[in-house]
Amino acid sequence: MTNPSLLILPGDGIGPEVMAEVRRIIGWYGEKRGMHFDVSEDLVGGAAYDAHGTPLTDATMEKAQNVDAVLLGAVGGPKYDVLDFSVKPERGLLRLRKEMDLFANLRPAQCFDALADFSSLKRDVVAGLDIMIVRELTSGIYFGEPRGIIQEGNERVGINTQRYTESEIERVARSAFELARRRGNKVCSMEKANVMESGVLWREVVTKIGETEYPDVELSHMYADAGAMQLCRWPKQFDVIVTDNLFGDLLSDAAAMLTGSLGMLPSASLGAPMANGRPKALYEPVHGSAPDIAGQAKANPIACILSFAMALRYSFDQGAEADRLEAAVETVLADGVRTADLMQNEGETPVSTSGMGDAVLAALDASL
Ligand code: NAD
Ligand code: IPM
Ligand code: MN
């Protein structure tokens, strides 16, 4: 039997730093669990632009289409902010999502008990939190036409278009309902049906899918602005949140702070099932390239490590091994191992990115 294939795209800034720790964990699974992956590596984002003048070459795109899963670090950085929009690092990531048709972006926000005092919210509000944001990822205002900056009279106008088809809403709604059935059986859908037609259609379609296909799942609706407020007020009221591309981007960054740090949040971007029954998939931390700390060995690799755990669960049918890796992270946090972003008090000494990797590997060893 051939080994499952993984394409690693470390990207820019702290992307390669956190990915180095994931590579060690992949190595651990090979050595200690006999789980071998065919790993290839390539460039994306600014790194690809520097080498090839484009944030994603056709050859890399082709590779991504043909592996069992892609792992991505992060893209972007101030050096590239002046580039034309068509070659910005972020466009490489957007092309991967679009061409692989990764419409369902799962962004779980879990508060590990050891970090409950670290959130900017009170312990009561976040302790035990376990919610899943399902963000639509291949449509909406990120991709709608027309778009651009045009001249109108003597001034310029910036244009982006929010656009959703019924089938785009249906498929992401199904992903959310399916997930809910395996969790707390509740879906809250967020849009702005009070001001946007796309929101009216979103609410209608999600309601129809809920009533006809998932009558056993409790469905509620919220305007996205109120949803943002409720996420901060009492996040434990939620189980699965389903929302569009832009609202999902904002709400998931907000949810990150419930868990303590953006450096903690993993994600899985899933498409339709392939011939082998598994979805096309890309796994990446929710955070970006963190230019402010890049090159200083300060980055927290946990979001990227937990993204690999999601790959074990959703692409490789290794739920028990995903549990093992998540438990290792929990142990390390309970033992007080902290990267700088998780420091609570002056005078505490943080571990480096690889120091956190060492601790997770030691906890994995101890789990055997
Ligand atoms: P960011 O997520 O890179 O950083 C925001 C803040 O969080 C920074 O203070 C950073 O130091 C901190 N942070 C993020 N990840 C961390 C980690 N693992 N450990 C410790 N601290 C961490 O967001 P930004 O600064 O708004 O964006 C920087 C660049 O990253 C931009 O070019 C943006 O477009 C890009 N970006 C890329 C992705 C992605 O690749 N998926 C996601 C978001 C932003
Ligand atoms: C994310 C990022 C991306 C997005 C950017 C880098 C294209 O913020 O993955 O959350 O806006 O989707
Ligand atoms: Mn984002």
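Reader: What makes helix α4 stand out in the shell around ligand 2?

Author: Helix α4 covers residues 89–99. In this predicted model, helix α4 supplies the largest share of that shell, three residues.

Reader: Which residues surround ligand 2?

Author: They are Gly76, Glu90, Leu93, Leu94, Asp249, Val286 and Gly288. By class, three are nonpolar, two polar and two charged.

Reader: Which residues does UniProt list for "binding site"?

Author: The unreviewed UniProt entry lists Asp225, Asp249 and Asp253.

Reader: How do you know that they gather at one spot?

Author: They span 29 residues in sequence. Yet no two of their C-alpha atoms are more than 14.1 Å apart, so they do gather at one spot.

Reader: Why is Asp225 called partly exposed?

Author: Asp225 has 14 other C-beta atoms within 10 Å. Buried needs 20 or more, and exposed needs 12 or fewer. The count of 14 falls in between, so Asp225 is partly exposed. Asp225 lies in helix α8, residues 224–233.

Reader: What about Asp249: where is it, and why is it called partly exposed?

Author: Asp249 sits in helix α9, residues 245–258. Asp249 has 18 other C-beta atoms within 10 Å.

Reader: How confident is the predictor?

Author: The chain averages a pLDDT of 96, and 100% of the residues score at least 70. For the complex, the ipTM is 0.98 and the pTM is 0.96.

Terms used. Residues are numbered from 1 along each chain as its sequence is written. Chains are lettered from A and ligands numbered from 1 in the order in which they are written. This is a predicted model: local features need pLDDT of at least 70, side-chain atom pairs count only at pLDDT 80 or more; totals for chains, interfaces and linings use all residues. UniProt positions are given in the numbering used here, feature names are shortened, and annotations may be inferred rather than shown by experiment. Helices (H or I, at least four residues) and strands (E, at least two) are DSSP runs, numbered from the N terminus. pLDDT is the predictor's confidence in each residue, from 0 to 100. A residue is near a molecule or strand if its C-beta atom, placed from the backbone, lies within 6 Å of it. Ala, Val, Leu, Ile, Met, Phe, Trp, Tyr, Cys and Pro count as nonpolar, Asp, Glu, Lys and Arg as charged, and the others, Gly among them, as polar.
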